[in-house]
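This report describes a two-chain model by its parts, its folds and the contact between its chains. The sequence and structure come first.

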Amino acid sequence: MGDISKLNNFKKILEKGPIILLIVSVLNEFDFNYLNLKYFSFNFPFILIYYWSLKRSGSLGYGLIFLSGLFNDSVTGLPIGVSSLAYLLICGFSAYLRNITLRPSVIKDWFFFGFTILVVNSLIYLIISLIFNVQLNYYSILVNILFTFLFYIIFSGVFHYYQKLIFGGQSV
Amino acid sequence: MQASRDDFVIAIRSAFLKKENKQKFSLLALIFLTFLILITEKFNFKPIDYLKISLREVAYRSTFIVSIPENFIKKTYVSAKNHFKVYEENKQLKEKLELETSKNYNSEYILEENKRLRSTIEETNNQTSEIIGKVLVDKKSPFLRSVIVNRGSRDGVILGMAVLDKSYLIGKVVEVTFTTSRILLLSDLNSKVPVDIMPNNIQSILSGTGDYNGLIQYTRDKSLLEDDAIVFTSGAGGLFKSGIPIGKIKNDPINSKINVYFFSDFSQLRYVKITSYKEEAE
């Protein structure tokens with residue numbers, strides 16, 4: 001009996017996996033910069049939010065995504081609200097794709113993700129540089145977009161496996 | 001045509017306006033709230049400042065805790081890499097030490113002479129107050145180069161204070177909360193510092209690049225800036241005292257840019273000195 005309840009608790013923790021990953025990824029220094037790979041960076045929260053909003057929107061609450069954006073801005077030193085806006089727009093784009101999709105395809109999702117991060121990053125760049133007069137490295141953003149796009153396909157595979165393992169066929 | 005436009009509008013409306021299953025807030029409402037925060041932040045609205053300060057207090061501490069595993073991996077990786085370089089480095093350091101010791105005698109004499117000459121012309125003297133801080137968060141975002149230290153307004157940190165690693169300038173304080181503060185590193189794109197370049201005593205502005213180096217801007221005669229020339233703070237603007245070493249010049253022949261390589265390694269910052277310089281007549 002005790003073992004079953006322990007297993008249930010463990011499953012409940014695993015079901016919160018996307019939330020835990022989101023909080024950890026916005027708060028920690030997950031960047032591999034100590035490897036001294038010039039310009040290498042990717043935006044893990046973008047991939048996470050897009051995938052889970054698209055495939056299982058109930059896993060990540062919009063309120064939580066908004067809050068995690070505020071925390072991300074505090075940590076990175078960007079104007080408060082910028083990351084929240086980016087994250088929420090990604091949610092909007094993925095919700096739109098979910099609404100218009102009849103037969104899901106990984107490749108279509110991937111390319112739409114590329115389009116989404118291009119639009120969102122451009123908007124954020126405009127807000128930061130034009131409204132807040134903060135200079136950003138244009139090439140770093142471009143490389144960041146490219147790697148985020150490339151890594152999506154890998155992480156979507158991992159998340160797909162995780163989703164099947166933990167949630168089975170449920171799609172809420 | 002009309003039907004496809006209707007479908008698009010319906011899909012957009014459904015995505016942004018409809019409150020979905022298991023969602024407590026509508027997406028559009030949250031986007032409006034975010035815009036509101038951004039606008040009020042732009043106009044320095046007081047409640048938003050308090051929100052920012054509280055968020056930072058929580059975020060910096062949480063980041064420090066959450067980053068412990070990755071910091072451990074990072075430290076292990078760096079120490080393993082350094083371990084393999086120890087023998088070669090030791091040989092080089094011994095040679096360097098001999099050279100530096102001989103230089104030291106000269107500089108002691110020059111310092112004394114400088115003091116005497118300053119008192120002759122009755123120049124003001126800089127008095128420093130110094131706070132040692134530990135680097136809590138070193139989030140090397142590709143967009144902004146900054147670190148967070150565990151010293152805030154309760155320890156006497158104020159905006160604009162200079163930050164040093166050993167005796168080298170690394171940045172200035174740009175944000176202060178009660179227990180922490182953010183330091184904008186010299187390598188950040190938004191960092192601009194007036195500098196003196198020795199030996200030719202050329203005044204210029206050092207700007208960050210968002211990378212690991214800086215750039216010399218607005219110099220009339222570039223040919224005077226030779227490789228290995230030393231960059232010091234000029235003291236112009238009164239924020240930093242003059243003569244704090246920053247880095248070395250290295251010309252880039254390909255794009256004719258004058259790079260500055262900092263003496264301090266910004267990726268290895270552990271403890272920093274936060275100082276302020278008040279001018280006081282001698």
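## A loop residue in chain B

B:K166 is found in the loop between β3 (162-165) and β4 (168-176) of chain B; helices (H or I, at least four residues) and strands (E, at least two) are DSSP runs, numbered from the N terminus. The phi of B:K166 is near 55°, a positive value in a residue other than glycine. B:K166 is exposed, with 11 other C-beta atoms within 10 Å. A residue is called buried if 20 or more other C-beta atoms lie within 10 Å of its own, exposed if 12 or fewer, and partly exposed in between, with C-beta atoms placed from the backbone.

## Model and confidence

This is a predicted model, in which local features need pLDDT of at least 70 and side-chain atom pairs count only at pLDDT 80 or more, while totals for chains, interfaces and linings use all residues. Residues are numbered from 1 along each chain as its sequence is written, and chains are lettered from A and ligands numbered from 1 in the order in which they are written.

The model scores ipTM 0.83 and pTM 0.74. Chain B has a mean pLDDT (the predictor's confidence in each residue, from 0 to 100) of 80, and 88% of its residues reach 70 or more. Within chain B, confidence is lowest in helix α1 (residues 2-16), at a mean of 72, and highest in β5(B), at 90. Where pLDDT is low, the predicted coordinates should not be read in detail.

## Chain A overall

Chain A has 7 helices and 0 strands. From the N terminus on, its elements run α-α-α-α-α-α-α. Of the 172 residues of chain A, 40% count as buried. Among contacts in chain A between residues at least 6 apart in sequence, 70% join residues at least 24 apart; two residues are in contact if their C-beta atoms, placed from the backbone, lie within 7 Å.

α6(A) has 26 residues and reaches 36 Å from its first C-alpha to its last, close to the 38 Å expected at 1.5 Å a residue. That expected span is 1.5 Å times one less than the number of residues. The buried residues of α6(A) are A:D109, A:F113, A:T116, A:I117, A:V120, A:I124 and A:I127. An α-helix has 3.6 residues a turn, so residues three or four places apart point the same way. The cover over the buried residues of α6(A) includes α3 (44-55), α5 and α7 of chain A together with α2 (27-42) of chain B.

A:V119 also lies in helix α6 of chain A, but counts as partly exposed, with 13 C-beta neighbours inside 10 Å. A:V119 and A:L142 are 23 residues apart in sequence and 12 Å apart in space, C-alpha to C-alpha. Just after α6(A) comes A:N133, in the loop between α6 and α7 of chain A. A:N133 has a positive phi of about 55° although it is not a glycine. A:N133 is exposed, with 8 other C-beta atoms within 10 Å.

Chain B comes to 4 helices and 12 strands. Of its 282 residues, 29% count as buried. Among contacts in chain B between residues at least 6 apart in sequence, 55% join residues at least 24 apart.

In chain B, 6 strands close into a barrel in the order β6-β7-β8-β11-β10-β9, with antiparallel pairing; two strands pair if DSSP finds at least two bridges between them. The twist averages 45° from one strand to the next, where axes are lines fitted to C-alpha atoms, for helices over the stretch in contact, and angles run from 0 to 180 degrees between N-to-C directions. Strand β6 (residues 192-198) and strand β9 (residues 230-233) of chain B pair in the antiparallel sense over 4 bridges, and B:V195 stands opposite B:T233 in β9(B).

Strand β2 (residues 146-149) of chain B points B:S146 and B:I148 one way and B:V147 and B:V149 the other way, and all are buried. β2(B) is joined by 4 bridges to strand β5 (residues 181-185) of chain B, and the two run antiparallel. B:V149 stands opposite B:S181 in β5(B).

## Contact between the chains

The contact takes 46 residues from chain A and 45 residues from chain B. On the side of chain A that touches chain B, the elements giving two or more residues are α2 (17-27), α4 (62-76), α5 (82-100), α6 (106-131) and α7 (138-167) of chain A. α5(A) gives the most to that side, with 9 residues. By class, the side of chain A that touches chain B has 26 nonpolar, 18 polar and 2 charged residues. Ala, Val, Leu, Ile, Met, Phe, Trp, Tyr, Cys and Pro count as nonpolar, Asp, Glu, Lys and Arg as charged, and the others, Gly among them, as polar.
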